[in-house]
Amino acid sequence: MDKRNYNIDVLKAMAMFAVIFIHCVPRDLLYATAAPYHIWQAVPVFLLLAGFNTANSYRKRNFEALDEFYNPSFIYRKIERLIYPFAAVWLGAGNHSSYHQGWREY
């Protein structure tokens, strides 16, 4: 499996749009369209795709044990790759007063 699997990319894009749709559409409309049976399945799809991608990455590198795959350098690279975009969004959103007021409603 050396080539990129574009079917996985399409599934990820569909799941991303489904999550955005869930957060943008009123709950009454979601229930009227039976969204719990199709659109709300986006998060399980993400989890399945993450497992599939991890298994392919594991197999592509010919590892024999999980401790070879989940070593400290792998975990550090993952954290480093995720923490900078998260920090940028978190710090950028923290400057808007409407963002903080929205949380008080819940």
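Lys12 is partly exposed, with a relative accessible area of 27%, where buried means under 20% relative accessible area, exposed means over 50%, and partly exposed lies in between, computed with a 1.4 Å probe and the protein chains only. The model is a predicted one, in which local features need pLDDT of at least 70 and side-chain atom pairs count only at pLDDT 80 or more, while totals for chains, interfaces and linings use all residues. Residues are numbered from 1 along each chain as its sequence is written, and side-chain values use heavy atoms, with hydrogens and water left out.

Lys12 lies in helix 1, helices (H or I, at least four residues) and strands (E, at least two) being DSSP runs numbered from the N terminus. The side chain of Lys12 meets that of Asp9 in a salt bridge at 3.8 Å, N to O, a salt bridge being a side-chain nitrogen of Lys or Arg within 4 Å of a carboxyl oxygen of Asp or Glu. Both residues belong to helix 1, where they stand three residues apart, about one turn of the helix, and a search of the whole structure finds one salt bridge.

The protein as a whole has six helices and zero strands, giving the pattern α-α-α-α-α-α along the sequence. Of its 106 residues, 13% count as buried.

| Pair | Apart in sequence | C-alpha to C-alpha |
|---|---|---|
| Lys12 and Leu49 | 37 residues | 7.5 Å |
| Thr54 and Phe69 | 15 residues | 9.6 Å |

Thr54 lies in helix 3 and, at 29% relative accessibility, counts as partly exposed.

Lys12 and Thr54 also take part in the largest pocket, which is lined by 23 residues, of which Lys12, Asn53, Thr54, Ser57 and Lys78 lie nearest its centre. The elements that give two or more residues to this lining are helix 1 (6-24), helix 3 (42-60) and helix 5 (72-93), and helix 3 gives the most, with eight residues. About 760 Å³ of space lies in the largest pocket, a volume being the space filled by probe spheres set on grid points that are joined across faces, edges and corners. On a 1 Å grid over the protein atoms alone, a pocket is an open set of points with protein on both sides within 12 Å along at least five of seven lines, whereas a cavity is a set where a 1.4 Å probe fits but cannot get out, and lining residues have an atom within 4 Å of a point. The lining divides into seven nonpolar, five polar and 11 charged residues, with Asp, Glu, Lys and Arg counted as charged, Ala, Val, Leu, Ile, Met, Phe, Trp, Tyr, Cys and Pro as nonpolar, and the others, Gly among them, as polar.

Helix 5 supplies the largest share of the patch, seven residues, whereas Tyr70 sits in the loop between helix 4 and helix 5 and is partly exposed at 41% relative accessibility.

Asn62, in the loop between helix 3 and helix 4 (66-69), is exposed, with a relative accessible area of 63%. Its phi is near 60°, a positive value in a residue other than glycine.
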